[in-house]
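Trainee: Could we go through this model together, one question at a time?
Mentor: Gladly, let's have a look.

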Amino acid sequence: MQTILTKNNYLSLLLCALLLVSCAGKTEYSKYTSIESHQWFSENKIAFIVNNTDTISKKNVFIHIRNNKDYEFSSLFLIANIEFPNGFQVTDTLEYEMTDSEGNWLGTGFTELKENKLFYKENVLFSEKGDYKFNIKHATRSIKDIEGQLPLKGITDVGLSIEKVK
């Protein structure tokens with residue numbers, strides 16, 4: 001009987017170790033920038049510089065948005081730009097839903113702060129070594145603010161993460 005328990009303990013320990021090893025190393029880059037006073041002006045770009053040395057593995061790129069109850073909209077419009085080490089640039093206009101159809105916040109979090117992990121690029125290959133520059137700015141406007149003069153309230157942090165595709 002004791003040998004069975006000992007074998008089960010070893011098996012449990014082995015499974016835990018395998019789980020930890022399989023999760024380790026998936027995220028290659030993760031950084032957040034806080035938005036001052038939780039008011040994001042449209043001209044304020046959030047910049048991330050990622051040094052790439054892996055030109056073989058495919059990656060997923062995510063934009064992370066943390067918002068609180070002061071965010072006024074059900075969606076978020078972003079303009080994201082990647083500048084490659086050789087100077088080539090790719091710009092995307094993105095729209096993300098921030099609430100469900102009933103107005104409930106999407107994302108994770110038990111308090112008034114919610115975090116959304118949003119797909120930006122999927123299965124992308126960074127084929128050059130060097131610094132990739134990511135710039136993110138918002139393009140969300142109310143009907144009264146077509147020029148984008150008013151700050152976007154309720155966005156507390158903007159982040160970027162890059163994960164290796166398994």
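Mentor: Let's begin with His38, which counts as partly exposed at 35% relative accessibility; buried means under 20% relative accessible area, exposed over 50%, and partly exposed in between (1.4 Å probe, protein chains only). This is a predicted model, where local features need pLDDT of at least 70, side-chain atom pairs count only at pLDDT 80 or more, and totals for chains, interfaces and linings use all residues. Residues are numbered from 1 along each chain as its sequence is written, and side-chain values use heavy atoms, with hydrogens and water left out.

Trainee: What is phi of His38 near?
Mentor: Most residues other than glycine have a negative phi. His38 lies in the loop between strand 1 and strand 2; strands (E, at least two residues) are DSSP runs, numbered from the N terminus. Its phi is positive, near 55°.

Trainee: Is Ser37 buried or exposed?
Mentor: Ser37 sits in the loop between strand 1 (27-34) and strand 2 (39-40), and its phi is also a positive value, near 55°. With a relative accessible area of 57%, Ser37 is exposed.

Trainee: Which are the edge strands of the open sheet of four strands?
Mentor: The order is 3-8-5-6, with antiparallel pairing; two strands pair if DSSP finds at least two bridges between them. Each edge strand pairs on one side only, and these are strand 3 and strand 6 (89-97).

Trainee: Which residue in strand 6 is the bridge partner of Leu78?
Mentor: Strand 5 (residues 75-83) and strand 6 pair in the antiparallel sense over nine bridges. The partner of Leu78 there is Leu94.
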